[in-house]
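Thanks for asking me to look this over. Below are a few friendly notes on the charged side-chain pairs, in numbered points.

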Amino acid sequence: MRSPWCIPVPEQSRRISLGEVALFGVLGGMTFAAKVGMAGLPNVEPVSLMVMLFAVTFGWKAVFPIYIYVLLEFALYGLQLWSVNYLYVWMVLAGAAWLLRGMDGPVGWALLSGVFGLLFGLLCAPVYLFTLGLHGAIVWWVNGIPFDILHCAGNFVLALGLFCPLRKLLERRYRELLGRHGGGSPPPGLPPPI
């Protein structure tokens with residue numbers, strides 16, 4: 001018996017084509033390379049922007065480029081306590097972006113990305129709750145607020161300037177890929193071709 005809480009996904013859109021495998025690998029790698037390239041800027045990174053783009057363009061398939069990025073982080077920096085955060089924190093943003101996928105203007109996306117940056121430390125704090133206790137988790141989070149403010153500002157500016165043009169480009173290219181390689185239908189919510 002199927003759970004009433006499951007959203008049915010058509011069989012054709014559950015399949016992943018070879019073209020999608022390549023695309024998701026390249027996008028996950030590009031996200032990682034862009035973050036490493038921007039490492040000199042404190043808490044300014046393109047990952048939040050890319051996660052939102054993946055969510056609104058690929059639907060549930062966004063997990064693939066997101067976790068390719070996460071695995072590359074683990075490969076370069078090793079497994080540490082922060083690694084647990086990366087297993088869930090990007091999916092929080094992806095879920096929020098998918099729910100808001102109907103937004104058109106750049107300001108809404110910039111606000112979502114900025115708020116996520118501001119709340120990043122709070123979203124990561126549950127891991128430290130188990131390792132440092134309540135007091136330690138609160139101290140860890142409060143000490144990181146200046147970095148979260150920088151994260152917020154960087155995310156806001158990047159999303160304000162880049163989200164809408166990159167979304168149009170990615171959606172157009174993804175639609176072309178699906179058309180060429182028969183990778184199934186676009187995920188629910190992907191707008192019709194322009």
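1. A definition to begin with: a residue is called buried under 20% relative accessible area, exposed over 50%, and partly exposed in between. Please keep in mind as you read that this is a predicted model.

2. Searching the whole structure turns up four salt bridges. As background, side chains of opposite charge can pair when their charged atoms come close. I will go through some of these pairs below.

3. Let's start with Glu176, which makes a salt bridge with Arg173, their closest N and O atoms lying 2.9 Å apart. The two are separated by about one helical turn because they sit three residues apart in helix H8. Glu176 has 32% relative accessibility, so it counts as partly exposed. Arg173 also counts as partly exposed, because its relative accessibility is 45%.

4. Helix H8 (residues 145-181) holds another pair, Glu171 and Arg167, four residues apart, or about one turn of the helix. Their salt bridge has its closest N and O atoms 2.9 Å apart. Are these two buried or exposed? Both Glu171 and Arg167 are buried.

5. Have a look, too, at Glu73 and Lys35, which form a salt bridge with 3.4 Å between the closest N and O atoms. This pair links distant parts of the chain: Glu73 belongs to helix H4 (residues 63-77) and Lys35 to helix H2 (residues 18-37), with the two 38 residues apart. Why does Glu73 count as buried? Because its relative accessibility is 3%, and buried means under 20%.

Definitions and conventions: Residues are numbered from 1 along each chain as its sequence is written. This is a predicted model: local features need pLDDT of at least 70, side-chain atom pairs count only at pLDDT 80 or more; totals for chains, interfaces and linings use all residues. Side-chain values use heavy atoms; hydrogens and water are left out. A salt bridge is a side-chain nitrogen of Lys or Arg within 4 Å of a carboxyl oxygen of Asp or Glu. Buried means under 20% relative accessible area, exposed over 50%, partly exposed in between (1.4 Å probe, protein chains only).
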